[in-house]
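Let's take a walk through this structure together. Have a look at the sequence and the fold first, and then read on.

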Amino acid sequence: MGIIKETLKSGDGKTFPKKGDNLSMHYKGTLADGGTKFDSSYDRNTPFDFAIGRGDVIKGWDEGVMEMSLGEKAILHITSDYGYGSEGAGGVIPPNADLDFEVELLKIGDASVNGGCCVVL
């Protein structure tokens, strides 16, 4: 039970999130059984911003995203106990559903995929 990370595109391999870091990510969430999409930041064209490691997101994200480096794109295969468990969520995620999230780590604090954090004067 837990998380399996399937890397689709490698990140920088050196910049990893730490507990409490503010992150910006794109994601698409689907049910593992059947692949029905239930949410997507890509569809809204707006990345999702949150602090990692504080319980602001499901356990599968808190633990799985911590293993990603800046710029990495992956699929997190998350068992229900690391997702929404026996409660499900929002009428779109049934109880005890395993989930797949395609996630892309765009920003960790001030470090972003598009390059540097600083302005040189």
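The paragraphs below go from confidence to fold, and then to the pocket.

Keep in mind that you are looking at a predicted model. The mean pLDDT of the protein is 93, and 94% of its residues reach 70 or more. One stretch to treat with care is residues 116-121, where pLDDT stays under 50. For these residues the model has two contacts beyond four places in sequence.

Now trace the chain. Seven strands and two helices make up the secondary structure, and along the sequence they are arranged as β-β-β-α-β-α-β-β-β.

Step back to the overall dimensions. The C-alpha trace spans about 55 × 25 × 25 Å along its principal axes. A compact globule of 121 residues would have a radius of gyration near 14 Å, and the protein, with 15 Å, agrees with that. As for the interior, 41% of the 121 residues count as buried.

The largest pocket holds about 160 Å³. Which residues line the largest pocket? You will find Tyr27, Phe38, Asp39, Phe48, Val57, Ile58, Trp61, Tyr84 and Phe101 there. By class, this lining has eight nonpolar residues, no polar ones and one charged residue.

Conventions:
Residues numbered from 1 in each chain as written. Predicted model: local features only at pLDDT ≥ 70, side-chain atom pairs only at ≥ 80, totals over all residues. Heavy atoms only, no water. 1 Å grid on protein atoms, 1.4 Å probe; cavity = no way out; pocket = protein on both sides within 12 Å on 5 of 7 lines; lining within 4 Å. Points joined across faces, edges and corners; volume = space filled by probe spheres on them. Nonpolar A, V, L, I, M, F, W, Y, C, P; charged D, E, K, R; others polar. pLDDT = per-residue confidence, 0-100. Contact = heavy atoms within 4.5 Å. Helix = DSSP H or I, 4+ residues; strand = E, 2+ residues; numbered from the N terminus. Rg over C-alpha atoms; globule rule 2.2 N^0.38 Å. Buried < 20%, exposed > 50% of the residue type's maximum accessible area, 1.4 Å probe, protein only.
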